[in-house]
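This note is intended for a colleague meeting the structure for the first time. Please keep the sequence and the model in view while reading the points below.

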Amino acid sequence: LALAEADGAAVRGPALELLAATGLPDERRAALERAAARAADRGQDPQARAHAIALLALASPAPALEWLVPRLEPQEPEAVQVAAVKAMRASAGEAPGRLLLSRWRALTPAVRSEAAAVLLADADRTRLLLSAIEDGTVQPWTLGFWSKRDLLMHEDAAVRAQAHALLEERPGDREAVLRRYEAALDRPADAARGERVFAAVCAKCHRFQGQGAEVGPDLGTVANRPASLLLKDILMPSLSIAPRYESYLVERASGGTEEGVLAGQTPTTIVLRREGGEERVIPREDVVRLQVSQLSAMPADIEQQVGEQEMADLLRYLTGAPGTR
């Protein structure tokens, strides 16, 4: 508990993981009071505030929704908002789901990702999410790959059926998108703008020129690939998944599933890597089933995030065509 209040984030994080596994000690009241004060103080370091919220979330009762709501204001740093949303997982019922859906369009991608996890952690909240997709409150492209996969592979057959109807494209839709973007390849493009597109959209899963996370292939290997073929790889990623970058699904004996690219193995563990380079270490004794997915971990609706001109700029940056810096 003392380490969870230490000055260094590198110490606090592992201490919180240990407390999550062991439970808080009986003598915790003073520490929780300090954490509540630190979390609410906007003058404090954002990561320290986020860790304070994480500590409060381990207590029983967990922070009330009314207390967490101010931590979601746009004036708050993203780290604090993420921690507040994570803390909502401990709240029962539909209330957290309704709150997050009402603020969905104001959430940044990192906060939305945690919000989706909160919605998917409860059957009633999952149905709220599906209803929000159906009525347009939540656009499918705002859901990450793993959130969509959780819906499409949900244990409830009714949820799976509704998710497939809402999230799967009709045959021919991808080809139409590809043709539309191919027409933009002849536009004047700018590599500097393309670099910004890479940083905003691609870097969380790919490395290029020393930047980004290694979840998918290093894009330095595509410099000599024709732009038209690279465009097809981007817009229709499941047609050609690079070896060693397949997505795996692990069903756990302790409950739930984990998904990610197989990043490493030991005789006793399996390591899955997800968006942003986050890694999940799973004991082999906890693995009920391991299977490779037929779909790429890369989103199949990238056009919702990257417009035609932005795609032309991105391809100019990646391929090093004339006009790049």
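**Notes on the predicted model**

1. Gln209 occupies the loop that joins strand 1 (207-208) to strand 2 (211-212). Helices and strands here are DSSP runs numbered from the N terminus, helices being H or I with at least four residues and strands E with at least two. Although Gln209 is not a glycine, its phi is positive, at about 50°. With 58% relative accessibility, Gln209 counts as exposed. The classes are buried for under 20% relative accessible area, exposed for over 50%, and partly exposed in between, with a 1.4 Å probe and protein chains only.

2. Residues are numbered from 1 along each chain as its sequence is written, and side-chain values use heavy atoms, with hydrogens and water left out.

3. The protein chain contains 14 helices and seven strands. Its radius of gyration is 21 Å, close to the 20 Å that the globule rule gives for 325 residues, so the chain is as compact as a globular protein of that length. That radius is taken over C-alpha atoms, and the rule is 2.2 Å times the number of residues to the power 0.38. Along the principal axes, the C-alpha trace spans about 65 × 45 × 45 Å.

4. Of the 325 residues in the protein chain, 41% are buried. Among contacts with a separation of 6 or more, 60% join residues 24 or more positions apart; a contact means heavy atoms within 4.5 Å.

5. Which residues of helix 5 are buried? They are Val80, Gln81, Val82, Ala83, Ala84, Val85 and Ala87. Because seven of the ten residues of helix 5 (residues 78-87) are buried, this helix is largely enclosed by the rest of the structure. The cover over its buried residues includes helix 3 (46-57), helix 4 (65-68), helix 6 (95-102) and helix 7 (109-120).

6. Two prolines lie in loops beside these helices. Pro61 is in the loop between helix 3 and helix 4, and the peptide bond from Ser60 to Pro61 is cis, with omega near 5°. Pro74 is in the loop between helix 4 and helix 5 and counts as exposed at 65% relative accessibility. Pro74 and Ala106 are 32 residues apart along the chain, and their C-alpha atoms are separated by 7.7 Å.

7. Leu167 belongs to helix 10 (residues 157-167) and, at 17% relative accessibility, counts as buried. Leaving aside residues up to four places away in sequence, Leu167 touches Ile133, Pro140, Lys148, Leu151 and Leu152. From Leu167 to Ala106 there are 61 residues in sequence and 22 Å in space, C-alpha to C-alpha.

8. How many disulfides does the structure hold? The number is zero, a disulfide being a pair of cysteine sulfur atoms within 2.5 Å. The sulfur of Cys202 has its closest cysteine sulfur in Cys205, and at 9.1 Å the two are too far apart for a bond. Cys202 is buried, with a relative accessible area of 15%.

Definitions and conventions:
Predicted model: local features only at pLDDT ≥ 70, side-chain atom pairs only at ≥ 80, totals over all residues.
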